[in-house]
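Subject: Structure handover

Dear colleague,

Here is the structure I said I would pass on. Please look it over alongside the notes below.

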Amino acid sequence: MAERKFFKKILSPFIWLNILAMVIIVTLLSMGLRYGLDIYTHHGQTVEVPSILHKSYNDAEDMLDQLHLDIVVSDTDYVKTMPPDCILEQSPAPGEIVKPGRLVYVKINASSTPRKPLPDVIDNSSLRDAQSRLTALGFQLGEPEYIPGEKEWVYGIKCQGRQLATGDRVSVEDQLIIQVGDGRRDMSQAVTYIDSNIYYFGEEEEEDEEKPQTSRPHYRRKTEASVEQRAEVTEKAQPAPTTSSFNKVDIPTVSTTPTPPPAPKPVKTE
């Protein structure tokens, strides 16, 4: 009885219809994956990359669009002799065989000079190190300006008369002047930076105060003098007395009332 129910369920058309639907779906997915990948990857189709160097961006975009290639700007640079938006570099290179839909990366010429941040070379590097780092970034350098300080040590950078700081964006066409020490300062002496033209080293030098010149005393030859002359000279040399120089003295008061004369003594007569 149980076997009959089992075979009845297996031979049910509902189960076989489900199995057939699953087989059809798997077959369609396999065929779509195979042919869809060929269409998506352009299997068997190739395109030769044309040369778009030194062409304008719009012209290069039209040329690549006709070949079913896409253009993408990856970077910009500046060349003074080339017009703006001119193609300077391309990747893939001209003549390479690629498939349609491939991205072509290009570098175009900027319309103005690029401005780059100034690296940390002020009071942090020697003259040779600063020159190599600035030159590698594309900056133009002039003759160094020597100022009092440690020899071959960078104290500042100027551009068009303006003092620069680390991180300032400067055009690569502007000339930079490196302010470097000339070795006229002791290594242990501190430097205090004021501005682009003034430097103080260590403690400020105090100006010597002008001391008043006193005339030397003139000595006369001693001569014999009389006692009267000496007394006269002594009186002249002594200063005049002032009221403040006298000590206070208590002066007794004197009565102005007249006293009667004493009575006369009696005279004895014999």
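The notes below go from the whole chain to individual strands and residues.

Overall

The model is predicted. The protein has 270 residues, and 20% of them are buried. Its secondary structure consists of five helices and 14 strands. Among contacts with a separation of 6 or more, 66% are between residues 24 or more positions apart.

The three-stranded sheet

Three strands form an open sheet in the order β2-β5-β3, and the pairing is mixed. β2 (70-77) and β3 (87-91) are the edge strands, each of them pairing on one side only. From one strand to the next, the twist averages 25°. Helix α3, residues 57-66, packs on this sheet and touches β2, β3 and β5. The direction of α3 makes about 150° with that of β2.

β3 and β5 (residues 103-109) run antiparallel and are joined by four bridges. As a reminder, strands of a sheet pair through backbone hydrogen bonds, either parallel or antiparallel. Within this pair of strands, Gln90 stands opposite Val106 of β5.

Lys107 is another residue of β5. Is Lys107 buried or exposed? Lys107 counts as buried because its relative accessibility is 18%, and the cut-off for buried is under 20%. Leaving aside residues up to four places away in sequence, Lys107 touches Ser74, Asp75, Thr76 and Asp77, as well as Cys86, Ile87, Leu88 and Glu89. Of these contacts, Ser74 to Asp77 fall within the range of β2 (70-77), while Ile87, Leu88 and Glu89 fall within that of β3 (87-91).

Strand β9 and its partners

Strand β9 covers residues 154-159 and is mostly covered, with six of its six residues buried. β9 is joined to strand β12 (residues 175-181) by five bridges, and the two run antiparallel. In this pairing, Cys159 stands opposite Leu176 of β12.

β9 also pairs with strand β10 (residues 162-163), again in the antiparallel sense, over two bridges. Here the bridge partner of Lys158 is Gln163 in β10. The hairpin of β9 and β10 has two residues between the strands, and Gln160 takes a positive phi near 55° in it.

The nonpolar patch

Which residues form a nonpolar patch on the surface? They are Ile10, Leu11, Phe14, Ile15, Trp16, Ile19 and Val23, and together they have about 690 Å² of accessible area. Helix α2 (residues 13-40) provides the largest share of the patch, namely five residues.

Trp16 is placed in helix α2, and at 48% relative accessibility Trp16 counts as partly exposed. Trp16 touches Ile10 and Leu11, with residues up to four places away in sequence not counted. Both of these contacts also belong to the patch. Val23 is likewise found in helix α2. Val23 counts as partly exposed too, because its relative accessibility is 45%, and partly exposed residues lie between the cut-offs of under 20% for buried and over 50% for exposed.

Regards

Technical notes: Residues are numbered from 1 along each chain as its sequence is written. This is a predicted model: local features need pLDDT of at least 70, side-chain atom pairs count only at pLDDT 80 or more; totals for chains, interfaces and linings use all residues. Side-chain values use heavy atoms; hydrogens and water are left out. Two strands pair if DSSP finds at least two bridges between them. Axes are lines fitted to C-alpha atoms, for helices over the stretch in contact, and angles run from 0 to 180 degrees between N-to-C directions. Contact means heavy atoms within 4.5 Å. Patches are made of residues with over 30% relative accessible area and no salt bridge: like charges are joined within 9 Å, nonpolar side chains (Val, Leu, Ile, Met, Phe, Trp, Tyr) within 5 Å. Accessible areas come from the Shrake-Rupley method with a 1.4 Å probe; for residues, only the protein chains shown count as cover. A salt bridge is a side-chain nitrogen of Lys or Arg within 4 Å of a carboxyl oxygen of Asp or Glu. Buried means under 20% relative accessible area, exposed over 50%, partly exposed in between (1.4 Å probe, protein chains only).
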